[in-house]
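Subject: Structure handover

Hello,

I am passing on the structure we spoke about. Please look it over before reading my notes below it.

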Amino acid sequence: MENILFINSCIRSDDISRTYRLCRGFLDKYIEQHDDTTVTEIVLADSGLACFTQADVDRRSAAILTKDYDDPIFDHAKQFANADKIVIGAPLWDLSFPSVLKVYIEHICANTVTFAYENNMPVGLSKFSKLLYISTCGGFIGDKDYGADYIKGICGFLGQGEFMSVNAQGLDVEGIDVDTVLSGAQERLALLAKVF
């Protein structure tokens, strides 16, 4: 049984979010081809995650020193570390992604859980073989996809898995055929579903 962790960073509701529509289409296509797969979805907008405070940092550091990984502060990090594959859905916001995704990343970047240091260099401990970042944006950003760049960096920091990315652009530009753009993204994702 393979487990995909779907990190849903879409802020708009499922029926409105174009990013969510692409994510759902990809996951449905993947499950259709791999029926032994389970998907665990985290809806970050509903997760209640908050930015780390000094008290949170101190608590996590103390737990790491005593190897108390039963503390709930590690729940998201352990879930991320143990996922076979990861899908992150996040619309482009302010040249990156919604802030709740950065808050989630703070929670999963836990030394000795998702990464460790060897010879003073970080080594990813998370077992995912592939991480797919799916995004949409209203305008055109070309190669300035700083959200994807950041997630690619996190992918390499926390694991050894392959990074993949699909971004549907120009969805709010006057005269753009939105259905055609989304269909093109869905076709690219359908091809990725065969190799993901």
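The notes below cover a helix pair, a pocket and a cavity.

Please keep in mind that this is a predicted model.

Helix pair

Helix α1 covers residues 18–33 and helix α6 covers residues 178–195. The two pack with their axes 9 Å apart, at an angle of about 30 degrees. The crossing of α1 and α6 is right-handed.

On the α1 side, the residues in contact are Arg 18, Arg 21, Leu 22, Phe 26, Lys 29, Tyr 30 and Gln 33. On the α6 side, they are Leu 182, Ala 185, Gln 186, Leu 189, Ala 190, Leu 192, Ala 193 and Lys 194. Sorted by class, this contact between α1 and α6 has 9 nonpolar, 2 polar and 4 charged residues.

Helix α6 also holds Glu 187. Is Glu 187 buried or exposed? Glu 187 has a relative accessibility of 56%, and residues over 50% count as exposed, so Glu 187 is exposed. In sequence, Glu 187 and Phe 26 are 161 residues apart, while in space their C-alpha atoms are 9.3 Å apart.

Pocket

The largest pocket contains about 210 Å³ of space. Its lining is made up of 14 residues. Those that lie nearest the centre of the pocket are Arg 12, Arg 18, Pro 91, Trp 93 and Thr 136. One of these, Arg 18, is also among the α1 residues that meet α6. By class, the lining of the largest pocket splits into 7 nonpolar, 4 polar and 3 charged residues.

Cavity

The residues that line the largest cavity are Phe 80, Ile 88, Leu 101, Tyr 104, Ile 105, Ile 108, Leu 131, Ile 151 and Ile 154. Two elements, α4 (99–108) and α5 (146–158), each give two or more residues to this lining. Helix α4 supplies the largest share, with 4 residues.

What classes of residue make up the lining of the largest cavity? The lining has 9 nonpolar residues, with no polar and no charged ones. The lining of the largest pocket, for its part, includes 4 polar and 3 charged residues.

Regards

Technical notes:
Residues are numbered from 1 along each chain as its sequence is written. This is a predicted model: local features need pLDDT of at least 70, side-chain atom pairs count only at pLDDT 80 or more; totals for chains, interfaces and linings use all residues. Side-chain values use heavy atoms; hydrogens and water are left out. On a 1 Å grid over the protein atoms alone, a cavity is a set of points where a 1.4 Å probe fits but cannot get out, and a pocket is an open set with protein on both sides within 12 Å along at least five of seven lines; lining residues have an atom within 4 Å of a point. Grid points are joined across faces, edges and corners, and a volume is the space filled by probe spheres set on the points. Ala, Val, Leu, Ile, Met, Phe, Trp, Tyr, Cys and Pro count as nonpolar, Asp, Glu, Lys and Arg as charged, and the others, Gly among them, as polar. Axes are lines fitted to C-alpha atoms, for helices over the stretch in contact, and angles run from 0 to 180 degrees between N-to-C directions. A crossing is left-handed if the near helix is turned anticlockwise from the far one by less than a right angle, and right-handed if clockwise. Contact means heavy atoms within 4.5 Å. Buried means under 20% relative accessible area, exposed over 50%, partly exposed in between (1.4 Å probe, protein chains only).
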